[in-house]
Structures are given as structure tokens and as C-alpha cells.
Amino acid sequence: MKLLVYSLLVLFLVISLFPTFLMFSTAFVPEGDLFNRTIEKIVSDFEAPRTVLLTRVRPIGKAFELVREEQNNFARLDPSREVKGLAFSMGSSDINRISHLIFKVRASSALKLSLCFKDIKENVEEFARLLMEPSSQWKTLRVNIDVKKLKLDVLHVSQLRMTIEGDGTLDIDDVTLVNRYPTFYNFVKVLREDYFGRYLLNSTVVSVCSVLGNLFFCSLVAYAFARKHFRMKELFFSIVLATMMIPPQVTIIPTFILMRKLNLINTYWALILPNLVTPFGIFLMRQYFEQLPLELDQAAKIDGAGDFRIFWNVLLPLSKPALSVLGINTFVLTWNDVFYPLILTTSREMRTVQIGLALYQKLNVFTWPTLMAASTIAGLPIIVVFLIFEKRIISGILEGAIKS
Amino acid sequence: MPPVLRGENVRKREKITTFVFILPWLLSFCIFVLYPIVFSIYVSLTDYSGLTWNMNFVGLSNYIRAFKDRVFLKALSNTFLFVLITVPATTVISLFLAVLLTSGIRFKRLFQAGYFLPSVISMVVISMVWLYIYSATGPLNMLLRSLGIDVPARSWLASEKTALGSIMVMDVWSAVGYYTVLFVAGLQSLPLQLYEAAKIDGATKWQIFKSITLPLLKPTILFVVSINSIRSFQIFTEIFTLTGGGPANSTQTIVHYLYDVSFRKFEMGYGSAIAYVLFFIVMAMTVLQRKILKGEQL
């Protein structure tokens with residue numbers, strides 16, 4: 001029985017965590033997806049029919065010499081017959097993920113082999129020059145590629161070029177570019193190509209301001225509800241509670257019209273102002289203030305403190321647990337909000353990271369690794385906050401839910 | 001200064017202080033709640049587009065149009081279907097998990113935190129991951145194929161038959177942890193004596209669950225069902241990010257249609273009418289919940 005319970009719990013845990021794991025681990029895959037990773041990109045093994053081969057590999061020089069030996073095709077470079085090298089077509093590739101090049105060679109005499117990339121603007125840059133020793137055996141060579149040192153357009157590389165100098169022949173086979181795995185490049189790419197850096201900044205500004213605003217204003221209002229006596233207090237408070245139930249979609253069109261009249265669309269104000277004082281915050285802080293002893297206020301009053309002093313110097317310092325619950329909850333809600341930012345911002349520069357991610361997927365040709373990297377960028381801050389403050393987040397939910 | 005006047009001054013100052021303290025809420029309430037709610041009613045009775053400032057009074061025709069609009073009716077029925085399936089499913093699974101978690105196991109907090117994690121991650125991020133899971137060559141199809149099951153050649157979200165169901169599964173997955181936490185708290189507040197007594201009487205676990213736990217937990221269950229229903233009626237983000245309401249409106253929901261009408265087709269008058277239909281549905285849910293909960297306490 002115990003075993004059954006534990007295995008069910010573990011099964012559900014796996015189901016519950018698997019998508020997050022999938023997101024993280026796919027973000028580090030260079031190409032393909034997590035289960036079909038393209039680590040080795042075979043540039044050419046010379047096995048395809050000659051006509052097909054010619055669309056991918058071009059000789060540098062007059063002709064193209066393919067040799068067949070024991071069921072295996074390879075290319076022969078021979079300067080004496082005007083085949084000085086090979087150019088492998090790469091379309092317009094981003095070579096940032098590549099860590100090294102692997103290929104097999106067999107030289108008839110001592111030769112120099114020069115390895116170059118060419119970009120779409122026809123710049124050619126050499127990244128390695130190797131000295132070949134004569135040998136009758138195939139040798140596998142590995143050449144590391146340090147993309148950072150290259151000066152040509154590494155985002156749009158059109159050719160990999162191999163040329164030889166000297167007399168004799170060089171046989172080449174199984175040319176393979178090997179991707180770095182795991183790679184951080186997907187994150188770099190997403191941050192550079194789209195405005196994810198800016199989106200993160202926007203989300204941070206909006207979330208931090210909303211948190212600070214909520215901490216201050218909600219407590220201020222809650223102080224009046226907890227400590228002051230005024231007409232219609234309970235009516236007002238039930239209005240506060242009732243507004244929690246109003247779907248935000250009902251208020252969005254007038255809010256949009258208002259923001260447009262005030263020229264606040266595409267500003268931080270539009271995103272922050274509607275969230276500055278939330279009913280949940282007022283409710284939570286009132287609950288907390290009410291269970292703090294009244295004697296504290298009275299002692300401060302005798303010392304001549306006014307309401308604001310009592311609020312700021314006496315009650316707030318004692319309310320750290322409630323304040324942290326409110327702060328973390330507001331942060332999570334604001335960071336994850338979609339509906340309001342989607343409507344109240346229209347320019348790219350003002351998008352929050354959630355909107356940026358949603359539109360990145362809609363508007364770009366994406367691949368899973370970059371999409372998962374973008375998702376990780378949008379999701380990681382909250383996951384980190386959760387791992388640190390798990391207990392407070394859960395207790396915040398219970399405060400809000402059970403008591404109401 | 002006569003003492004009476006001073007007393008009045010103090011009272012006046014008291015009033016002003018109180019007013020200053022609740023002012024932030026008053027302002028925010030009036031500007032972002034009261035004004036929009038009232039103004040929406042007016043907008044819903046006009047042909048306001050949102051592109052120009054032109055507003056002509058058209059009476060109830062937006063509401064009449066809504067109930068003749070096939071897409072809106074489809075959105076309405078999709079949303080009800082969504083609520084009717086995901087809410088019970090989420091409730092049953094999270095209650096089951098909560099019972100497991102409170103059965104005196106070790107590492108309770110660890111499991112609970114693990115189940116809870118999906119509910120803090122934003123719906124956009126979750127949608128991106130599930131977009132991958134549901135894709136034609138994604139992990140779900142790989143798993144099914146390895147089990148020898150026939151799989152669709154397209155993404156699960158691209159077919160009319162499977163799109164809404166796929167989104168439902170994702171929604172249940174993302175919501176279960178949150179309600180599990182609520183149920184755990186509910187279960188832990190139940191009186192232990194009753195359980196001791198039942199054990200002494202030789203009741204089986206299922207009997208204890210059925211005749212003690214469930215009845216005592218009824219308020220929590222009702223609470224979970226009602227807040228989850230209200231949340232589910234407002235489903236938007238998943239639809240916006242995953243399908244955009246398609247294919248062929250098979251995943252169109254009320255809020256997504258509201259967004260489509262107001263901010264893509266720019267018919268904000270009509271959009272406001274749809275918003276009000278949603279508002280009445282949610283209000284009806286809330287009132288129903290209040291009634292049921294009150295009846296429970298009596």
C-alpha cells in the first residue's frame with residue numbers, strides 16, 4: 001500500500017515537472033530537438049550521386065575528381081590537374097553553435113591545407129592552416145573553430161572552403177561540422193535578435209513598481225480599515241472584496257479608451273497604474289494589522305505620534321511576514337500577466353516579456369531550441385522566486401483563499 | 001480658543017487623515033473599476049469602433065447580434081464545455097493528490113512544491129512548452145509511437161477534433177497543483193478525533209473517506225469548484241498563444257472572441273456587449289457560490 005502511494009506520488013511528480021525539464025534541456029540543444037539532437041552536421045561524405053553532390057560541393061579549380069575505393073567515395077584534390085580545393089555550400093548558416101570540424105585525409109606528399117569560411121558578402125576568412133604529412137593511411141583530423149575570433153559575418157556563412165598548396169594529392173572524406181552541446185548560444189541569439197533584453201527590463205520595471213506600490217498603498221488603505229472608524233467602512237470593505245470577483249476583461253475596453261485619451265498607451269504608467277492598489281493586498285494587510293495589539297498604537301500616541309508615524313514606524317515594521325507574502329504574490333501576478341500588457345502596449349519596445357514571447361512565437365520562424373530558450377528567459381525569474389520563497393507563496397494562497 | 005472648537009478641529013483632522021489613507025484605493029477604484037464598469041454599459045449600447053471617436057447609440061442591437069452570431073455561440077459553448085470538463089477533472093485529481101499527500105507520507109513538502117510549480121509559471125511559457133509537446137514530431141507523438149499507437153501526422157493543436165481537448169489537458173495539468181495545496185490545507189483542518197473513532201469502529205479507508213472526509217470537506221470542494229469555474233470562464237492566454245481560436249473556431253472562447261472583436265476587428269461596442277455577457281455569467285456563478293456556501297453553513 002505504502003509502495004503504491006509513493007509510486008503514484010512519484011508518477012505525478014514526474015508528470016508535473018517533465019514539461020519544465022523539457023523546456024530547460026531543449027534550450028541547450030544546438031539544433032533539432034531534445035530527442036533528435038543534431039550534434040554532428042555531416043557536410044559531405046561524398047556518397048551521394050554525382051549530380052546531387054554537385055549541388056552541395058563545388059570544386060575550386062577546373063574539375064571535380066571523385067574516387068571510388070572499396071565501396072567508399074571520396075574527393076581527391078590535385079593541383080597538378082587544376083583541382084586546388086573544394087567549396088562546401090552552407091546556404092546562409094549561423095556558425096555560432098559550431099565547436100569543431102572533423103574530416104578524414106590522406107596525403108601523398110607534404111602539403112599545406114587551408115580552411116576558410118566565406119560569408120554571403122563574399123568575404124573569405126581562413127580559420128586554420130594545417131601541414132599534412134604524407135601517409136598511406138586515412139587520418140581523422142579535428143580542427144577547433146573559435147567563432148569569436150572570426151571577423152566575417154558569422155551569422156550568414158555560405159561556404160566552407162578547403163584548398164591545398166604544394167605538389168601531390170590530398171584525399172578528403174567525411175567532412176563533418178560538430179555542434180557544441182550543451183550550448184548557451186540559443187539564449188544569446190534570442191536576446192540579440194529579438195528585444196528580449198528590453199522585454200526583461202520592461203517586465204522588471206513594471207513588476208518592481210507594482211510590488212512597491214502595492215506594499216505601500218495597500219498597507220496605507222488597510223491601516224484605515226483596521227484602525228480608523230469612519231462612516232460606511234464595512235460597505236467600502238465589502239466593495240473591496242467584491243472587486244476581487246470582477247473579471248478584468250470587463251474593464252479593459254474603457255481602461256484602454258482612458259489610457260489612449262491620456263496618451264499613456266505604450267508607457268510604463270499604463271501597465272503600472274491599474275495594478276497599484278489591489279483588493280487582495282488591502283484584504284491581506286487589514287487581516288494582519290487587526291491581529292496586532294492596539295496597545296502598540298496607544299503607546300505611540302502617548303508619545304505624540306500621528307497616524308502616519310504609527311503606521312510607518314510601529315505597524316509596518318511588525319508586518320514583514322504579510323508584506324513579503326503580498327510582495328511575492330504581486331510580483332508573480334504582474335510578471336505573468338498577459339491580458340492588460342497585450343492591450344495597453346502596441347510597440348515592440350514596450351512589450352513585457354510574456355507578450356514578447358507570445359509574439360516571438362507567432363511572428364518568427366522559430367526552432368524548438370530557440371523557442372525554449374526564449375521561454376526559459378521568460379519563465380526562469382518566477383521559477384527562481386518560487387524556489388526561494390516557496391513557503392511564502394503557498395501561505396499567500398492559503399491566506400487569500402481560505403479566509404475569503 | 002474655546003475647547004469645543006478645538007475638539008471639532010481634531011475631529012475634522014481625523015476625518016481628513018482617514019480620507020488621505022483610503023484615497024489611493026478610492027482613486028484606483030473609481031478610475032479602474034467603477035468608471036470602466038459604468039462606461040462599458042454605455043459603450044456596449046453604441047457602435048463605437050475604437051479607431052475613431054465616433055459613438056452612435058444603437059440600443060440593444062449589440063446584445064441581439066451576439067446571440068445571433070454563430071462564432072459567439074460557438075465560443076460560448078466551447079467555454080461551457082471547457083469549464084464542465086476541466087473543473088471536475090482538476091477537482092478530482094487535486095483532491096486525490098491531496099489525500100495521498102496527507103496520508104502520513106515522508107517528503108510531503110517536496111512533493112507538494114513539485115506539484116505546485118506549474119501554477120507559478122506563466123501561461124505563455126507553459127503554452128510554448130506544450131506547443132512543442134503536442135507538435136507533430138514532439139515528445140507526445142514519440143511516446144505514443146513507441147507504444148505502437150497511431151498518431152496524427154499534424155500537431156494535436158492543428159486538428160479541429162483534438163485542439164480543444166489538448167488545451168483542456170494542458171489546463172488541468174497546470175492548475176492541479178494550486179488546488180492540491182488548497183485541499184491539503186482543508187484536509188489538515190479536519191478534526192482528528194472522528195478518524196480515531198472510525199478506526200476503532202473498524203471502518204475501511206474508503207468508508208472513512210466517503211462518510212467522514214468528503215462531507216466535512218464539502219465547503220473546500222465547493223470553494224475550489226467555484227473559483228476554478230470563474231477562472232476557467234476567463235480562459236484566454238492559452239487560446240491566444242496556441243491556436244488563436246482556430247482551427248475553424250474550434251477553440252474560440254468568450255474572452256478570446258472579445259479580444260478578437262475589440263482589438264483586431266475594432267468593434268469595441270460589440271466587444272463591450274460580449275464583456276457584459278461574460279460579466280453576468282461570472283456574477284451568476286459568484287451568487288450561486290455564495291448561496292451554496294451559505295446553505296452549507298446553516
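In chain A, the centres of domain 1 and domain 2, taken over C-alpha atoms, are separated by 57 Å. This is a predicted model, in which local features need pLDDT of at least 70 and side-chain atom pairs count only at pLDDT 80 or more, while totals for chains, interfaces and linings use all residues. Residues are numbered from 1 along each chain as its sequence is written, chains are lettered from A and ligands numbered from 1 in the order in which they are written, and side-chain values use heavy atoms, with hydrogens and water left out.

**Domains**

- Chain A is divided into domain 1 (40–182) and domain 2 (188–403); such bounds come from an automatic or database domain assignment.
- For chain B the assignment gives domain 1 (1–44) and domain 2 (62–297).
- The C-alpha centres of these two domains of chain B lie 39 Å apart.

**Chain A against chain B**

- The contact (heavy atoms within 4.5 Å) takes 86 residues from chain A and 84 residues from chain B.
- About 7,700 Å² is buried between chain A and chain B, and carbon and sulfur atoms give 79% of that area. Buried area is the accessible area (1.4 Å probe) that two parts lose on being put together, summed over both.
- On the chain A side, L9(A), M245(A) and I253(A) lose the most area to chain B, together 9% of what that side buries.
- There are 2 salt bridges between chain A and chain B, a salt bridge being a side-chain nitrogen of Lys or Arg within 4 Å of a carboxyl oxygen of Asp or Glu.
- K228(A) and E14(B) meet through their side chains in a salt bridge (3.0 Å, N to O).

**Domain 1 against domain 2 in chain B**

- In chain B, 5 residues of domain 1 are in contact with 8 residues of domain 2.
- The two domains of chain B bury about 490 Å² between them, with 59% of it on carbon and sulfur atoms.
- The count of salt bridges between domain 1 of chain B and domain 2 of chain B is 0.

**Cavities**

- The structure holds 3 cavities of 30 Å³ or more. A cavity is a set of points, on a 1 Å grid over the protein atoms alone, where a 1.4 Å probe fits but cannot get out.
- The largest cavity has a volume of about 70 Å³; a volume is the space filled by probe spheres set on the points, which are joined across faces, edges and corners.
- Residues lining the largest cavity include V206(A), A270(A), L271(A), D337(A) and Y340(A); lining residues have an atom within 4 Å of a point.

Definitions and conventions. 1 Å grid on protein atoms, 1.4 Å probe; cavity = no way out; pocket = protein on both sides within 12 Å on 5 of 7 lines; lining within 4 Å.
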